[in-house]
Amino acid sequence: MFQRPEELIMAILALLWVVLTYFLAAYFAAPTQTVLLITVLTLIWVVAFFVLWQRNKTNLIWPLFLGLLVACWWPFIDWLAIHSVVAPEAAGEAIVVNKPWYDSWTFKGILSAIPTALGYLFKWKQHKKPLPV
């Protein structure tokens, strides 16, 4: 599986990223279920990106993975919206009809599209640079 030394280094960095995500989500005082969901989504993201990186297939799609990384945090936005509208002790049983603006699919989509657009803008600028002589 790990045929080159950089693969082992990247696997360790990926594992550290997942652990950092867990502690960061827990630091923001999200409930355990939300913390674990964010961590599992990030783990799935890391494994998929690592496998594609290992096969050298990430050259054109890495900005999409930046947007997907932001999408891993959507459960936190959901929890934050419920937590801000409903009392914390009743949040597990409440049905929220009027969600805040930041809990809409439009805002979440825009939030995920921003790093994707910035990544492709960076790629475009790098492509337009003249080659060194």
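1. A pocket, as the term is used here, is an open set of grid points, placed where a 1.4 Å probe fits, with protein on both sides within 12 Å along at least five of seven lines. In this predicted model, the second largest pocket holds about 160 Å³ of space.

2. The residues that line the second largest pocket are Met10, Leu13, Ala14, Trp17, Trp45, Val46, Phe49, Phe50 and Trp53. Two elements, helix H1 (5–27) and H2, each give two or more residues to this lining. H2 provides the largest share, with 5 residues. By class, the lining comprises 9 nonpolar residues, with no polar and no charged ones.

3. The largest pocket has a volume of about 240 Å³. Its lining is made up of 10 residues; Pro31, Gln33, Thr34, Trp79 and Ile82 are those nearest the centre of the pocket. At least two lining residues come from each of helix H2 (32–54) and helix H4 (74–85). The largest share, 5 residues, belongs to H4. The lining of the largest pocket divides into 6 nonpolar, 3 polar and 1 charged residues.

4. Concerning the chain as a whole, the secondary structure consists of 5 helices and 0 strands. Along the sequence, the pattern reads α-α-α-α-α.

5. The chain has 133 residues, and 28% of them count as buried. Its accessible surface is about 9500 Å², with 72% belonging to carbon and sulfur atoms.

6. The contacts deserve a separate remark. Among those between residues at least 6 apart in sequence, 68% join residues at least 24 apart.

Technical notes
Residues numbered from 1 in each chain as written. Predicted model: local features only at pLDDT ≥ 70, side-chain atom pairs only at ≥ 80, totals over all residues. Heavy atoms only, no water. Helix = DSSP H or I, 4+ residues; strand = E, 2+ residues; numbered from the N terminus. Buried < 20%, exposed > 50% of the residue type's maximum accessible area, 1.4 Å probe, protein only. Contact = heavy atoms within 4.5 Å. Areas by Shrake-Rupley, 256 points an atom, 1.4 Å probe, with all protein chains shown as cover. 1 Å grid on protein atoms, 1.4 Å probe; cavity = no way out; pocket = protein on both sides within 12 Å on 5 of 7 lines; lining within 4 Å. Points joined across faces, edges and corners; volume = space filled by probe spheres on them. Nonpolar A, V, L, I, M, F, W, Y, C, P; charged D, E, K, R; others polar.
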